[in-house]
Amino acid sequence: MGIMDILQIVIPSTLLWAAPLILTALGGIFSERSGVVNIGLEGLMVIGAFTGIVFNLETVSVLGSWTPWVALLVAALVGAIFSLIHAVASISFRADHTVSGVAINLLAVGVTLFLVKLIYDKGQTDIIQKGFSKIDVPFLSDIPIIGPIFFSNTYWTSYVAIIIAIIAWFVVFKTPFGLRLRSTGEHPMAADTMGINVTKMRYIGVIISGALGGLGGAVYAQSISSDFSHATISGQGFMALAAMIFGKWHPLGAMGAAIFFGFAQSLSIIGNSLPFLENVPSLVLLIAPYILTILALTGFIGRADAPKASGTHYIKGSR
Amino acid sequence: MQMSSRMKNILTPIIAVFLGILVGTIIMVASGYNAITAYQALWNGAFGDIYFIGEVIRQTIPYILAGLAVAFAFKTGLFNIGVEGQLLMGWMAAVWVGVSFDLPKIIHLPLAVLAAGVAGALWAFIPGYLKARFRVHEVIVTIMLNHTALYITNQVIRSVLSDGKERTDMIADSSSLRSVFLESITDYSRMHWGITIAIICAIIMWFILEKTTTGFELRAVGFNEHASQYAGMNVKRNIILSMVISGIFAGLAGAMEGLGTFGYMAVKGGFTGVGFDGIAVALLGGNTAIGVVLAALLFGGLKVGALNMPLEAGVPNELVDIIIALIIIFVASSYIIRWFIDRVSKKGVK
């Protein structure tokens with residue numbers, strides 16, 4: 001098997017698995033940059049996956065080939081609404097962010113499985129007819145060498161995720177809004193003194209994270225799992241959290257980390273068909289993202305530090 | 001009359017449970033279910049029969065230990081989300097000892113329980129050490145270690161404890177916590193001797209925290225790290241110690257599943273959930289030993305009773321998961337509940 005053949009298998013598969021992680025990790029960045037820790041990413045993905053699949057199943061006869069795309073938007077909307085619970089609890093009611101996030105995860109699984117049983121009277125949904133499927137990008141896939149590797153047998157959602165990551169980088173680091181968001185996460189009192197509404201910025205941060213988490217879940221469900229059950233989202237949200245930390249709370253860094261984790265995930269699935277990976281135990285590939293994140297936090301791979309005020313409550317007038 | 005803070009501490013979780021059940025009821029009514037039938041089914045499924053009571057206690061055993069694990073770390077200002085992973089490691093270690101040796105019960109059973117405690121302690125030592133040495137936040141490390149533990153235990157079950165099978169053999173009888181006596185008085189439920197271990201652990205936790213110097217230091221570090229340091233306490237040592245003890249409780253919770261309820265360990269597609277429910281138990285129990293036992297009993301009853309809801313009332317048992325999640329949110333939002341209690345009790349004066 002030549003190097004070209006290997007790349008043609010590995011890269012599209014990596015991008016496929018990376019897309020949901022990129023989107024969800026970006027969501028985590030918006031939340032944490034505003035100062036709200038969001039362990040609930042997993043739950044937001046669950047909500048997104050559920051919404052995406054149910055909307056897809058129910059409207060495919062009307063919307064036809066547009067179904068998965070509309071389902072993405074709906075999932076983002078529902079994710080944003082669901083994240084309001086986390087926002088209200090951890091910002092307005094001063095709940096511990098981590099505890100609230102854990103509750104969001106449990107609540108998401110409970111609510112979605114409850115609804116699946118209510119709607120379909122069984123433990124999982126049917127398989128969707130119209131998900132995202134493999135495409136060759138017009139024109140670009142005709143470029144020699146680069147075309148077959150990066151633009152053939154691939155999914156639109158991967159490019160969407162990468163474009164959103166670039167937009168997120170621009171928003172967080174190049175716009176007044178991004179500056180305000182980051183300042184509430186680093187030093188809310190200073191931000192408040194400068195006339196920034198800390199509570200509002202944090203709400204916005206959490207709601208954006210809900211939308212992106214929902215988007216990530218819906219991308220995963222419609223391009224990889226194709227149905228929804230209790231096992232559809234099992235750890236991807238936490239892996240996105242890991243990507244966020246590994247990428248040092250930077251949108252492009254998180255994208256890079258997510259692509260790397262996507263690579264590790266896809267290898268643990270397609271690894272057996274690749275000659276040089278036959279002897280690497282799949283266990284190593286499965287746990288690599290988590291171990292690497294711990295090492296990154298410890299400082300062995302460049303220290304990763306969270307926004308200073310993340311996880312704290314801002315109470316006006318207190319010092 | 002201003003309410004005493006002790007009274008508020010007791011009232012807050014009760015209000016949280018009430019609110020959780022209230023919202024659960026609204027969800028049921030909105031979905032077109034009969035809420036009264038559903039709660040009857042829940043009650044019958046938990047306490048309607050001696051068999052169900054046995055099952056509730058069986059479910060309560062790991063909940064107590066998982067709750068103690070979370071609560072103990074909380075007291076030192078640490079959030080151990082890694083109970084789930086430590087539980088899996090403990091489960092694996094207990095079953096490993098259970099299937100590998102053939103010893104008299106008096107040695108074998110304590111050895112298997114001990115192995116689980118050690119495995120949990122070692123797995124919790126990692127985040128404790130990283131926190132103490134590198135100031136790495138324990139929440140992220142424990143989350144990452146949960147997934148690592150899941151994959152490692154699955155791999156060990158497949159390749160070491162069996163020949164590529166999906167579950168281990170049954171443990172030897174000499175390492176089992178099962179009790180013919182307890183099973184027979186509860187109409188052959190899976191209730192086992194682990195309940196004594198769980199209660200003893202609750203007493204140990206209370207004793208360590210309230211009656212020993214070590215416990216005083218652990219709590220002091222939780223209250224104010226800098227003041228403790230200034231007073232000459234070894235903060236790093238206390239952080240590690242707290243995580244290790246927490247890990248022992250979590251590992252023992254795994255032993256309860258491995259040596260008592262199941263008697264084997266199977267490959268898992270996802271987490272058991274006991275570790276995460278332990279967070280709910282600890283929070284609701286106010287991180288005290290007695291509170292954890294009571295909260296564990298409540299959640300044990302809810303979880304076991306829930307299984308009867310689809311049968312008797314046609315309501316999906318996930319409703320109880322929703323209620324538990326809501327209770328966590330309400331307990332965590334105790335600031336607003338306390339504010340509300342203050343408002344109400346102040347109004348009474350005027």
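Student: How many residues does helix α3 of chain A have, and how far does α3(A) reach from its first C-alpha to its last?

Tutor: First, this is a predicted model, in which local features need pLDDT of at least 70, side-chain atom pairs count only at pLDDT 80 or more, and totals for chains, interfaces and linings use all residues. Residues are numbered from 1 along each chain as its sequence is written, with chains lettered from A and ligands numbered from 1 in the order in which they are written. Helices are DSSP runs (H or I, at least four residues), numbered from the N terminus. The expected span is 1.5 Å times one less than the number of residues. Here α3(A), residues 67–92, has 26 residues and reaches 37 Å, close to the 38 Å expected.

Student: Where is the kink in α3(A) centred?

Tutor: A bend is the angle between axes fitted to the seven residues ending at a residue and the seven starting there. In α3(A) the kink is about 25°, centred on A:H86. After the helix comes A:R94, with a positive phi near 55°.

Student: How many residues does the contact take from chain A and from chain B?

Tutor: Residues are in contact if their C-beta atoms, placed from the backbone, lie within 7 Å. The contact takes 36 residues from chain A and 35 from chain B. On the chain A side, α3, α4 (97–120), α10 (236–246) and α12 (282–298) each supply at least two residues, and α4(A) gives the largest share, 14 residues.

Technical notes
Two residues are in contact if their C-beta atoms, placed from the backbone, lie within 7 Å.
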